[in-house]
Amino acid sequence: MKKSVISMFFVVLLLFVAACGGDAAKGNATDIGENGDYETADTGDSGYYDNSDAEYDPGYDGGYDNSDTGAPYEPGDPSDTGYEDWENTDGEAYEGDTDTEEPGEEPQPGDLIENDWVETATENTSTFSIDVDTASYTQIRNYLMNYNYMPPKNIVRIEEMVNYFDYDYPKPEEGRPFSVTMEMADSPWRSDTKLVMFGLQGKNLDADERPSNNLVFLVDVSGSMSSSNKLPLLKKAFKKLVEKLDENDKISIVTYASGVSVVLDSVSGDKKDEINAAMDSLVASGATSGGDGLQKAYAIAEKNYSSDANNRIILATDGDFNVGMTSTAELVSYIETERNKGIFLTILGFGIGNYQDDKMEQLSNAGNGNYFYVDSEKEAEKIFTFDLMGTMFTIAKDVKLQVVFNPAKIAKYRLVGYENRVMNNQDFNDDTKDAGEIGAGHRVTAFYEVFLTEKPAETPETETEPEEGGEPAEGEPAAEPETEFGEDDFLVLKMRYKEPDEDISKYMDTVMTSANILAEMSQNMGFASAVAEFGMLLRDSKFKADSSYDSVLNRAQANIGEDKFGYRGEFLEMVERAKSLDK
């Protein structure tokens with residue numbers, strides 16, 4: 001009885017908060033930047049997120065006008081906050097059993113469980129797939145800056161937050177798809193641990209190296225997409241991509257709502273007026289037959305398939321699949337089948353409320369694609385001008401990282417983030433196991449927190465240093481040398497990847513020694529670790545230790561660098577907003 005009363009009280013409280021949310025957002029916006037921790041440009045009362053009538057200018061820091069007409073951004077239904085009815089991986093609204101357990105006692109559908117500490121003496125090997133998605137970061141920004149809410153913990157994926165930003169990693173050597181940077185320094189949030197950072201930088205492709213495109217834009221035009229921050233925003237952003245197309249590219253447009261329609265079928269990229277007119281003609285109405293839309297889009301992509309082209313579907317949706325094929329398991333199975341035909345899937349997410357973040361992440365992973373979230377016209381500019389064009393041109397696929405820790409040097413470790421990308425150690429050498437892709441010019445950053453051994457332990461004897469494996473047998477992945485540690489070796493980072501048009505992986509590795517241990521963090525590590533610490537605070541992580549918003553702000557400000565496009569300055573605004581809300 002007591003639990004039922006508490007549950008009723010909680011529902012009433014949510015409705016009250018939702019009803020007041022719009023005014024609260026306006027009232028609190030002017031607080032940002034007034035505590036004197038750092039200086040910001042004069043961009044209006046709401047900082048970078050000025051949702052006023054200002055016209056969008058790529059160089060304007062306050063360019064977060066999400067409207068189609070210049071009107072102030074409106075979130076629509078005040079209760080559309082995303083907290084009330086998050087959905088599980090089968091698309092069914094989750095309802096907790098309040099008569100049997102208190103909220104949060106047991107993991108629930110969609111929960112993200114953090115990686116725990118591992119004793120090196122028990123298991124010294126950790127394996128995971130890379131991830132270059134950024135959707136989590138922009139969703140967090142949307143909640144904080146446009147809605148004045150703390151984000152739901154389950155959308156906080158630390159690796160996507162860290163990988164939102166550029167870092168100054170060296171270009172790869174000739175013949176390598178990516179470079180590798182390794183650093184170790186004192187942990188900012190624990191005095192008794194170290195932080196290990198790995199950074200991968202993908203190679204850039206010259207214009208003559210880039211393949212042509214066979215792109216199918218699959219656009220959700222259901223009624224829920226009519227909001228100004230959804231279909232109207234997509235129409236603006238789409239034109240940025242069209243500008244970069246030429247006569248060698250082919251564009252198709254498929255829409256879905258209550259039914260499915262083919263608006264364009266393989267139109268040459270130089271027919272920009274025709275392509276833009278087709279997108280401008282779209283109107284949102286009806287239900288959401290996303291499964292049927294996917295099937296039609298893959299059919300169009302397969303019909304126009306070219307072995308020399310980038311064959312890809314780009315799905316733009318607010319995340320709801322409520323007609324036809326709707327279960328995540330069924331959709332993932334179908335997408336994996338199509339992926340094996342050489343057709344990849346990229347997802348662009350819009351809006352909140354009924355948005356199914358967990359489902360969108362799984363679908364993009366299954367499709368060997370990337371997952372972006374668009375919360376503003378400025379973000380659309382970033383994605384369609386830089387990020388999307390890079391990730392569409394894959395330079396290395398199925399990239400797996402395996403870290404082998406030396407028990408003589410490292411007593412315990414934990415992987416920070418990448419919870420949805422952890423793999424079984426035996427999967428590292430299994431080329432049938434799918435992993436993430438790196439696009440042209442993109443980078444991947446990952447952190448481990450480690451305890452060093454308290455007393456020097458006996459280092460395993462070794463006759464040779466780890467080195468790259470020898471030539472593989474035909475049809476087999478590259479041979480992997482046995483892991484042996486030198487006296488000064490802390491760990492070995494092993495990597496497997498496939499060339500974009502190959503099915504057999506290649507192997508490379510590198511060793512971390514005391515030469516990689518820094519007395520002070522580099523600018524890259526300083527800023528990236530601040531983002532990771534912010535993620536732990538947003539998740540209220542059990543590993544946050546002495547983390548604080550002030551620590552994040554101070555370290556991020558000290559390592560902000562050139563910040564050419566203002567993205568790091570926006571991060572500082574987000575941290576300040578979260579600090580004011582997290583009481």
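Of the protein's 583 residues, 56% count as buried. Please keep in mind throughout that the structure before you is a predicted model.

I shall begin with the overall picture. The protein contains 12 helices and 17 strands. Its accessible surface comes to about 24,200 Å², and carbon and sulfur atoms account for 47% of that area. As for the contacts between residues at least 6 apart in sequence, 77% of them join residues at least 24 apart.

Which strands form it, and in what order? It is an open sheet of 6 strands, running β7-β6-β5-β8-β9-β10, with mixed pairing. The edges are taken by β7, residues 260-268, and β10, residues 371-374; each has a single partner strand, and therefore one side of each is left without a neighbour in the sheet. On average, neighbouring strands here are turned by 15° against each other, direction ignored.

As a reminder, strands of a sheet pair through backbone hydrogen bonds, either parallel or antiparallel.

Two packed helices are described by the angle between their axes and the distance between the axes. For α4, residues 231-242, and α5, the angle is about 165° and the axes lie 10 Å apart. Because the cut-off for roughly antiparallel is an angle over 145 degrees, α4 counts as roughly antiparallel to α5. The crossing of α4 past α5 is right-handed. Which residues meet between these helices? From α4 come Lys235, Phe238, Lys239 and Val242; from α5 come Lys272, Ile275, Asn276, Met279 and Asp280.

Finally, I would draw your attention to Asn340. This residue is placed in the loop between helix α7 (328-339) and strand β9 (344-350). Is Asn340 buried or exposed? Its relative accessibility is 63%, so Asn340 counts as exposed. Asn340 and Asn368 are separated by 28 residues in sequence, while their C-alpha atoms are 9.5 Å apart in space.

That concludes my presentation. Thank you for your attention.

Technical notes
Residues are numbered from 1 along each chain as its sequence is written. This is a predicted model: local features need pLDDT of at least 70, side-chain atom pairs count only at pLDDT 80 or more; totals for chains, interfaces and linings use all residues. Side-chain values use heavy atoms; hydrogens and water are left out. Helices (H or I, at least four residues) and strands (E, at least two) are DSSP runs, numbered from the N terminus. Buried means under 20% relative accessible area, exposed over 50%, partly exposed in between (1.4 Å probe, protein chains only). Contact means heavy atoms within 4.5 Å. Accessible areas come from the Shrake-Rupley method with a 1.4 Å probe; for residues, only the protein chains shown count as cover. Two strands pair if DSSP finds at least two bridges between them. Axes are lines fitted to C-alpha atoms, for helices over the stretch in contact, and angles run from 0 to 180 degrees between N-to-C directions. Angles under 35 degrees count as roughly parallel, over 145 as roughly antiparallel, 65 to 115 as roughly perpendicular and the rest as oblique. A crossing is left-handed if the near helix is turned anticlockwise from the far one by less than a right angle, and right-handed if clockwise.
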